[in-house]
Amino acid sequence: ASTLWRQAWRAAAAEPAGHPGQGSPRLRRLLAEHLRTTRSVAVSPEQLVVTLGARDGLRLILMATEGVVAVEDPGYPTLHRVPRNLGREVVPVPVDEEGLSVRRLAELAPEVVLVMPNHQYPAGSQMSAARRFELIEWARRSGAVLVEDDYDSELRHTHPALAALDPHGSVAMLGSFAKTLTPALGLGYLVVPERLRAEVLAHALPVSGIVQDAMANFLENDGVRRHTARMGREYRRRREIFAEVFPRGIPMNGGLHAVIELDGDEDGAVERCRAQGLAVEGLGSYWTASDRAGIVIGLGAHKREKLREVLVDLRRVLAT
């Protein structure tokens with residue numbers, strides 16, 4: 001796949017081109033096909049907008065809507081900052097074992113709901129099928145827009161995307177290649193409900209033509225599918241290493257993060273880890289309020305041999 005990747009970029013750089021704000025028609029056609037085969041989402045290229053990544057896609061939806069934005073609690077902090085930075089009121093909604101509480105949504109009546117049904121942060125759980133249908137039915141009745149962040153679903157065995165279950169045009173879907181390829185790509189896509197399309201396109205920013213053409217070349221030559229299959233195998237090995245060092249830890253199904261629950265002082269543990277150069281986050285930074293103490297660690301930053309060493313160091317620091 002790395003040879004295909006280099007070839008894709010060389011071909012794009014040899015004939016640089018610009019594309020309209022909605023994105024390259026060829027890339028949108030290939031992305032529609034990618035979504036159909038990997039996520040069972042049937043969309044036309046016209047429903048897709050090429051973005052600078054998931055945060056940019058969320059920005060576009062927020063520019064096209066008004067009102068209160070509901071977010072999962074716990075949830076992914078960097079995305080939650082986007083509506084706040086745009087001056088929107090953000091309300092946390094609790095997540096139970098089946099997923100986001102629709103009962104609480106009905107009480108809060110937000111206009112926009114940001115949800116990660118296939119990768120609830122930070123433990124990586126998935127929303128149940130029953131809750132998905134309940135959520136879509138609530139959105140149909142209330143007129144709210146569900147913004148589905150389909151974060152790293154290609155790497156996991158997941159339920160169908162909300163966008164695949166939605167006959168009413170209630171779901172906007174955020175996608176990016178940050179997890180499957182590289183965050184440095186700065187390329188994503190947005191599936192836009194028809195009622196928001198004109199407003200979204202009015203705020204769309206053009207993405208680099210070379211980046212779009214390189215991605216189109218890579219998709220066309222089956223590079224994404226092959227690379228994703230390889231990444232899935234690599235991630236599985238990394239989760240196995242984590243499970244060997246931390247048998248009671250919680251590795252994310254399919255993902256590259258893990259949670260280590262603690263009995264005591266979370267802030268102190270985070271401080272000790274960072275003092276030793278170990279990059280961790282406190283579990284509390286993902287919640288509005290929680291009595292669970294723990295740390296969240298990424299498993300993707302090092303080569304596998306080094307990862308084992310880092311995890312053994314981490315176990316030692318946590319034991320002190």
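A residue counts as partly exposed when its relative accessible area lies between the buried range, under 20%, and the exposed range, over 50%. With 38% relative accessibility, P94 is therefore partly exposed. Welcome to this structure, which is a predicted model.

- Eight strands form an open sheet with mixed pairing, in the order 1-8-7-6-5-2-3-4.
- The edges are held by strand 1 (48-51) and strand 4 (99-100), and each has a single partner strand, so one side of each has no neighbour in the sheet.
- For L114, the bridge partner in strand 6 is V147.
- Helix 6 (residues 129-142) packs on this sheet and touches strand 3, strand 4, strand 5 and strand 6. The direction of helix 6 makes about 145° with that of strand 6.

**P94 and its surroundings**

- You will find P94 in strand 3 (residues 90-96).
- Setting aside neighbours within four places in sequence, P94 is in contact with D73, G99, L100, S101 and R104.
- One of these contacts, R104, is ten residues from P94 in sequence, and the two C-alpha atoms are 7.7 Å apart in space.

**Backbone features in the loops**

- D73, a contact of P94, is joined to P74 by a cis peptide bond, with omega near 10°.
- P74 itself sits in the loop between strand 2 (69-73) and helix 4 (77-85).
- A109 is a residue other than glycine with a positive phi, near 50°. Its place is the loop that runs between helix 5 (102-108) and strand 5 (112-115).
- The relative accessibility of A109 is 47%, so A109 counts as partly exposed.
- D222 is also a residue other than glycine with a positive phi, here near 70°. The loop between helix 9 (209-220) and helix 10 (223-245) holds D222.
- A relative accessible area of 28% is why D222 is called partly exposed.

**The largest pocket**

- The volume of the largest pocket is about 700 Å³.
- Its lining has 35 residues, and those nearest the centre are H257, G298, L299, G300 and A301.
- Two or more lining residues come from each of helix 10, strand 11 (280-282), strand 12 (293-298) and helix 12 (304-319).
- Helix 10 gives the most to this lining, with five residues.
- Sorted by class, the lining of the largest pocket has 19 nonpolar, nine polar and seven charged residues.

**The second largest pocket**

- The second largest pocket holds about 490 Å³ of space.
- It is lined by 26 residues, and G53, A54, R55, S176 and A178 are the closest to its centre.
- Helix 3 (54-63), helix 4 and strand 7 (171-176) are the elements that give two or more residues to the lining of the second largest pocket.
- By class, this lining is made up of twelve nonpolar, seven polar and seven charged residues.

Technical notes. Residues are numbered from 1 along each chain as its sequence is written. This is a predicted model: local features need pLDDT of at least 70, side-chain atom pairs count only at pLDDT 80 or more; totals for chains, interfaces and linings use all residues. Side-chain values use heavy atoms; hydrogens and water are left out. Helices (H or I, at least four residues) and strands (E, at least two) are DSSP runs, numbered from the N terminus. Buried means under 20% relative accessible area, exposed over 50%, partly exposed in between (1.4 Å probe, protein chains only). On a 1 Å grid over the protein atoms alone, a cavity is a set of points where a 1.4 Å probe fits but cannot get out, and a pocket is an open set with protein on both sides within 12 Å along at least five of seven lines; lining residues have an atom within 4 Å of a point. Grid points are joined across faces, edges and corners, and a volume is the space filled by probe spheres set on the points. Ala, Val, Leu, Ile, Met, Phe, Trp, Tyr, Cys and Pro count as nonpolar, Asp, Glu, Lys and Arg as charged, and the others, Gly among them, as polar. Contact means heavy atoms within 4.5 Å. Two strands pair if DSSP finds at least two bridges between them. Axes are lines fitted to C-alpha atoms, for helices over the stretch in contact, and angles run from 0 to 180 degrees between N-to-C directions.
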